[in-house]
Amino acid sequence: MKKIEAIIRPEKFQNLRDELFTIGIGGLTVTEAAGTGKQKGQKGVFRGTKFEIQLVPKLKVEMIVDADQLDDIVDLIIEACGTGNVGDGKIFVYPVEETIRIRTGERGKEAVL
Ligand SMILES: Nc1ncnc2c1ncn2[C@@H]1O[C@H](COP(=O)(O)OP(=O)(O)OP(=O)(O)O)[C@@H](O)[C@H]1O
Ligand SMILES: [Mg+2]
């Protein structure tokens, strides 16, 4: 099992969600987020005072998936959320030790899908 955490442009979410449910995933969690990447916020000066535009709104989309699905889903996210411009976001992948469906006690792959 893998956890995919994608930081994406909020306006790309609807497109991503539609694509994800077409290929079939068990579920997802979305959190409103804000952050900076390589550009480190845009610094400037306004009327003699330095300012920094630090945080850009993003959505954090988290999914636990079977390892077999990982590459397909990563490709799908890149396709659904990319514009080719800076700020398209990032995808982080983590190992997942266990998933348990509370209702049934199912574990592992059965609990994910
Ligand atoms: N190294 C990181 N660690 C944690 N979060 C990150 C990291 N890099 C980017 N993010 C998150 O992803 C969001 C989008 O990042 P962004 O796409 O601007 O990355 P980037 O490295 O600057 O790439 P690009 O040059 O394409 O903009 C950031 O606002 C931040 O929330
Ligand atoms: Mg950036």
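This is a predicted model: local features need pLDDT of at least 70, side-chain atom pairs count only at pLDDT 80 or more; totals for chains, interfaces and linings use all residues.
1. **Residues around the ligand.** Ligand 1 has 13 residues around it, and those that come nearest are Gly35, Lys38, Gly87, Gly89 and Lys90. Sorted by class, this shell holds six polar, four charged and three nonpolar residues. Strand E6, which covers residues 89-95, supplies the largest share of the shell, with three residues.

2. **Backbone atoms facing the ligand.** Which distances separate oxygen atoms of ligand 1 from polar backbone atoms of the protein? For Lys38 the distance is 2.5 Å. For Gly89 the distance is 2.7 Å. For Thr36 the distance is 3.3 Å. On its own, ligand 1 has 600 Å² of accessible area, and the protein covers 70% of that.

3. **Salt bridges in total.** The model has seven salt bridges by the rule used here. Lys3, Glu5 and Glu62 belong to a network of such bridges.

4. **Arg17 and Asp18.** These two residues form a salt bridge in which the closest N and O atoms are 3.3 Å apart. Are the partners buried or exposed, or in between? Asp18 has 40% relative accessibility and so counts as partly exposed. Arg17 has a relative accessible area of 33%, so Arg17 is partly exposed as well.

5. **Asp66 and Lys109.** The side chains of Asp66 and Lys109 also meet in a salt bridge, with 3.8 Å from N to O. This pair links distant parts of the chain, since its members are 43 residues apart. Asp66 sits in the loop between strand E5 (56-65) and helix H2 (70-81), while Lys109 belongs to helix H3 (residues 109-112). Asp66 is buried because its relative accessible area is 13%, and buried means under 20%. Lys109, at 48% relative accessibility, is counted as partly exposed.

6. **Arg101 and Glu106.** A further salt bridge joins the side chains of Arg101 and Glu106, with an N to O distance of 2.9 Å. Arg101 is partly exposed, with a relative accessible area of 23%. Glu106 is put in the partly exposed class because its relative accessibility is 27%.

7. **Thr99.** Where does Thr99 lie? Thr99 is in the loop between E6 and H3. At 17% relative accessibility, Thr99 is classed as buried. Apart from neighbours within four places in sequence, Thr99 is in contact with Met1, Ile64, Glu106, Arg107, Gly108, Ala111 and Val112. Glu106, one of these contacts, is also a partner in the salt bridge with Arg101.

8. **Gln69.** Gln69 is located in the loop between E5 and H2. With a relative accessible area of 16%, Gln69 is buried. Residues up to four places away in sequence aside, Gln69 touches Gly24, Ile25 and Leu113.

9. **Glu32.** Glu32 is part of strand E2, which runs over residues 29-35. Is Glu32 buried or exposed? Its relative accessibility is 74%, so Glu32 counts as exposed, the limit for that class being over 50%. Lys58 and Leu59 are the residues Glu32 touches when those up to four places away in sequence are not counted. Glu32 and Lys58 are 26 residues apart along the chain, and their C-alpha atoms are separated by 6.3 Å.

10. **Met63.** Met63 lies in strand E5. Its relative accessible area is 1%, and Met63 is therefore buried. What does Met63 touch, if residues up to four places away in sequence are not counted? The residues are Lys2, Lys3, Ile4, Leu20, Ile25, Gly27, Leu28, Ile73 and Ile77. Lys3 is 60 residues from Met63 in sequence, yet the C-alpha atoms of the two are 5.6 Å apart in space. Lys3 also belongs to the salt bridge network with Glu5 and Glu62. Ile25, another residue that Met63 touches, is touched by Gln69 too.

Key: Residues are numbered from 1 along each chain as its sequence is written. Chains are lettered from A and ligands numbered from 1 in the order in which they are written. Side-chain values use heavy atoms; hydrogens and water are left out. A residue is near a molecule or strand if one of its heavy atoms lies within 4 Å of it. A polar contact is a pair of N or O atoms within 3.5 Å; within protein, one must be able to donate a hydrogen and the other to accept it, and residues adjacent in sequence count only if both atoms are side-chain atoms. Accessible areas come from the Shrake-Rupley method with a 1.4 Å probe; for residues, only the protein chains shown count as cover. Helices (H or I, at least four residues) and strands (E, at least two) are DSSP runs, numbered from the N terminus. Ala, Val, Leu, Ile, Met, Phe, Trp, Tyr, Cys and Pro count as nonpolar, Asp, Glu, Lys and Arg as charged, and the others, Gly among them, as polar. A salt bridge is a side-chain nitrogen of Lys or Arg within 4 Å of a carboxyl oxygen of Asp or Glu. Buried means under 20% relative accessible area, exposed over 50%, partly exposed in between (1.4 Å probe, protein chains only). Contact means heavy atoms within 4.5 Å.
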